[in-house]
Amino acid sequence: MAKPVVYVTRKIPDAGLKILRQRLTVKHWDSEDAIPRDELLKNVAGVDGILCTISDKIDKELLEAAGSNLKAISTMSVGETHIDKQECDRRLVHVANAPEVASDSAAEFTVALVLLTARRLLEGMEAVVSGEWGPWRPMWIVGFEMVDRTLGIFGFGRVGFGVARRLRPFNVGKIIYHDLFRAGYADQVDAKLVTFDTLLNESDILCICCNVTAQTVHAFDKEAFSKMKAGSILVNTARGTVINQDDLAEALDAGIPHAAALDVTEPEPLPLDHPLMVHPRCIISPHMGTATMDTRINMAVAAAKNLDVMLLGMPDSGENWL
């Protein structure tokens with residue numbers, strides 16, 4: 001029997017391709033750069049499965065281009081907002097993501113942005129390069145410490161909990177979070193469930209770690225920023241759509257929040273002429289939250305296994321993916 005044919009839309013770690021090639025016929029776009037849309041539509045024609053990334057738009061047009069053979073789509077990401085799941089359901093195309101493999105790297109990077117912003121590290125490094133660094137001055141580029149500050153987390157899933165667990169040893173004063181439900185593991189870090197308004201009012205450091213839902217899109221808008229604490233910092237490593245970026249630029253101009261760090265924007269990349277790109281109290285990184293080799297390998301392996309299983313079922317006991 002002929003092996004099912006799958007298409008991989010980007011160059012991925014070899015560990016993922018090795019898994020796919022054991023039981024599937026693999027075609028792929030062997031480039032770090034995103035595949036052009038016309039090439040993607042042409043190359044998915046007749047395939048049984050697709051392994052995609054978060055930058056590939058899986059919509060009705062693509063599903064029609066793939067045709068009736070398509071049975072499964074596996075995304076090498078936690079997020080699934082790039083996939084029209086309703087259209088996939090209508091066509092009986094199975095969809096899988098990789099939700100558990102990137103949490104640690106995303107939490108680590110969130111903490112890095114917190115420290116970078118709170119201690120104004122980037123400003124200091126730029127001052128060295130520009131020659132602004134001079135004799136010691138007691139009030140030059142002063143930030144604030146974590147000790148006794150209130151850490152607020154919007155979305156207390158794997159990443160949110162990971163951030164709380166990592167920042168707890170910094171002796172933050174308290175940890176509060178807002179989510180739809182109380183998280184059972186919150187007790188491990190003495191985190192308290194609060195209302196959204198309380199989160200805004202009391203957080204010195206507010207980390208956005210939520211999923212994208214109808215309730216979270218633009219949750220941080222002009223009204224929300226007006227309720228934030230003076231001197232607070234905002235860090236977003238979730239999705240760009242959670243923040244109204246025009247409202248954030250105005251809020252930073254007004255001084256509340258005092259500073260922001262964004263690893264995600266909408267769109268990506270953010271246009272060079274957007275006010276946040278040049279704002280002196282806004283740090284923007286290029287979606288690096290899961291950018292470790294460990295995580296990339298784990299993401300590729302998880303996505304490959306998901307696609308393999310959706311098309312062929314679990315391997316026999318004598319077979320070994322690795």
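This is a short tour of one protein chain, from its overall build to a few single residues.

Hi everyone, and thanks for coming. A word on ground rules: this is a predicted model, in which local features need pLDDT of at least 70, side-chain atom pairs count only at pLDDT 80 or more, and totals for chains, interfaces and linings use all residues. Residues are numbered from 1 along each chain as its sequence is written, and side-chain values use heavy atoms, with hydrogens and water left out.

Let's begin with the whole chain. The protein chain holds eleven helices and twelve strands; helices (H or I, at least four residues) and strands (E, at least two) are DSSP runs, numbered from the N terminus. Along the principal axes, its C-alpha atoms fill a box of roughly 75 × 45 × 35 Å. How does the radius of gyration fit with a compact globule? For 322 residues such a globule would have a value near 20 Å, and the protein chain has 22 Å, which agrees. That radius is taken over C-alpha atoms, and the globule rule is 2.2 Å times the number of residues to the power 0.38.

Of the 322 residues, 47% are buried. Buried means under 20% relative accessible area, exposed means over 50%, and partly exposed is in between, with a 1.4 Å probe and protein chains only. The chain exposes about 16,300 Å², and carbon and sulfur atoms supply 54% of that area; the areas come from the Shrake-Rupley method with a 1.4 Å probe, and for residues only the protein chains shown count as cover. Looking at contacts (heavy atoms within 4.5 Å), among those between residues at least 6 apart in sequence, 60% join residues at least 24 apart.

On to the aromatic rings. How many aromatic pairs does a search of the whole structure find? The search finds eight. Rings of Phe, Tyr and Trp (its six-membered ring) pair if their centres lie within 6.5 Å; planes under 30 degrees apart count as stacked, over 60 as edge-to-face and the rest as tilted. One of the pairs is Phe156 with Tyr177, which is stacked at 4.4 Å centre to centre with 25° between the planes. Phe156 sits in the loop between β6 (150-154) and α7 (158-167), while Tyr177 belongs to strand β7 (residues 174-178), so this pair ties together parts that are 21 residues apart in sequence. Phe156 and Tyr177 are both buried.

Phe156 also stacks with Tyr185, at 5.9 Å centre to centre and 20° between the planes. Here the partner, Tyr185, is in the loop between β7 and β8 (191-193), 29 residues apart from Phe156. Are these two buried or partly exposed? Phe156 has a relative accessible area of 1%, so Phe156 is buried, whereas Tyr185, at 32%, counts as partly exposed. Elsewhere, Phe154, Phe196, Phe220 and Phe225 make up one aromatic cluster.

Please find helix α7 next. Seven of its ten residues are buried, including Val159, Phe161 and Leu167.

Ala66 is in helix α3 (residues 60-66) and has a relative accessible area of 3%, so Ala66 is buried. Not counting residues up to four places away in sequence, Ala66 touches Val44, Ala45, Gly46 and Val47. Asp48 is in the loop between α2 (37-43) and β3 (49-52), and at 14% relative accessibility Asp48 counts as buried.

Finally, some backbone details. Most residues other than glycine have a negative phi, and most peptide bonds are trans. Which peptide bonds are cis here? One joins Glu266 and Pro267, with omega about 5°, and another runs from Glu268 to Pro269, with omega near -5°. Pro267 is in the loop between β11 (259-262) and β12 (282-284), and Pro269 is in the loop between β11 and β12 too. As for positive phi, Asn171 has a value near 65° and lies in the loop between α7 and β7. Asp190 has phi near 55°, lies in the loop between β7 and β8, and counts as exposed at 53% relative accessibility.
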